[in-house]
Amino acid sequence: GMRDFFGDNGYDVVDRSALADGDVTHQTIWGVADEDLYKLVIREVDSRHARGKTVFAHVMTTSNHRPFTYPAGRIDIPSGTSRGGAAKYSDWAIGKFMNDAATRPWFKDTLFVFVADHTSDGRGNTDLPREKFRIPMIIYSPENVKPAQVDVVASQIDVGPTLLALLNVSYTSRFFGQDIMTEGQHHPRALMSNYLTVGYLEGGVLVELSPKRQSRVRDSDGRVLAASDPRAQTSLRETIAYFQVASDVLKAP
């Protein structure tokens, strides 16, 4: 599934099969421990850098998943006891990865982006509780990006355009996302989805579209707005437009 998806989209897929058993400290049904994966990332980037290549590496970590197990002796919470332990171990592994990467010649020219795919309890429901969609996104490149906090409503579709803008890359695309640092400041909004429901959040108003043309519009306090409310009508039209155009673009030859 995932290998086919990424392979079909031009990725070189590098996974557990690239590691010798001796290079694996710990593994679960999901994959190897984060620290083992990061060691592999450094090895892969090193080899490409040595050949004069520029690198885009998309790294999917798994230690912060059930059964929440990880190598012993890394942190002060025993393996397999809690999500908090897995999160702390993941954080420890990122720190080790950054320390290791900082010794490499490619580090100063590299942009690191840390972003989640979802929260611990934001999946499987049919509605879209906005508080369950808050995820971190951290961009780290001490030579190139000054420390700052960007407090703008955005969503995962904005990661690509923001990253390409920071890299100063020109491109042609069908991105629905926007650069969080420029357009995103003027038109903050987030597109959301969960199981069969899709949503759109702008100006505190959240629209949910569900199968069989069902819709619901909530204000910033979570109250459902009447269909006759002008805010509900405007937001509903904009939401439908986003997803209808996306559907049309996807079907286009």
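Accessible areas here come from the Shrake-Rupley method with a 1.4 Å probe, and for residues only the protein chains shown count as cover. This is a predicted model, so local features need pLDDT of at least 70 and side-chain atom pairs count only at pLDDT 80 or more, while totals for chains, interfaces and linings use all residues. Residues are numbered from 1 along each chain as its sequence is written, and side-chain values use heavy atoms, leaving out hydrogens and water.

View 1. Helices (H or I, at least four residues) and strands (E, at least two) are DSSP runs, numbered from the N terminus. Starting at that end, the elements go α-α-α-β-β-α-α-β-β-β-β-α. The protein exposes about 16,300 Å², and 53% of that comes from carbon and sulfur atoms. Of the 253 residues, 30% are buried; that word means under 20% relative accessible area, with exposed over 50% and partly exposed in between (1.4 Å probe, protein chains only). Now for contacts, meaning heavy atoms within 4.5 Å: among those with a separation of 6 or more, 49% join residues 24 or more positions apart.

**View 2. Helix α4 (residues 159-166) and what covers it.** Val 159, Pro 161, Thr 162 and Leu 163 are the buried ones to look for in this helix. Their cover includes β1 (112-115) and β2 (137-140). After α4 comes Asn 168, with a positive phi near 60 degrees.

**View 3. Phe 107 and Phe 112, an aromatic pair.** Rings of Phe, Tyr and Trp (its six-membered ring) pair if their centres lie within 6.5 Å; planes under 30 degrees apart count as stacked, over 60 as edge-to-face and the rest as tilted. A search of the whole structure turns up nine such pairs. In this one, the centres sit 5.6 Å apart and the planes make 40 degrees, a tilted arrangement. Phe 107 is buried at 12% relative accessible area, and Phe 112 is buried too, at 8%. Ring pairs also tie both into a cluster with Tyr 38, Phe 97 and Tyr 140.

**View 4. Phe 176 and Tyr 242, a pair linking distant parts of the chain.** The ring centres are 6.3 Å apart and the planes lie at 50 degrees, so this pair is tilted. Phe 176 belongs to the loop between α4 and α5 (183-186), while Tyr 242 sits in helix α6 (residues 230-251), 66 residues apart. Buried or partly exposed: which is Phe 176? With 31% relative accessibility, Phe 176 counts as partly exposed, whereas Tyr 242 is buried at 16%.
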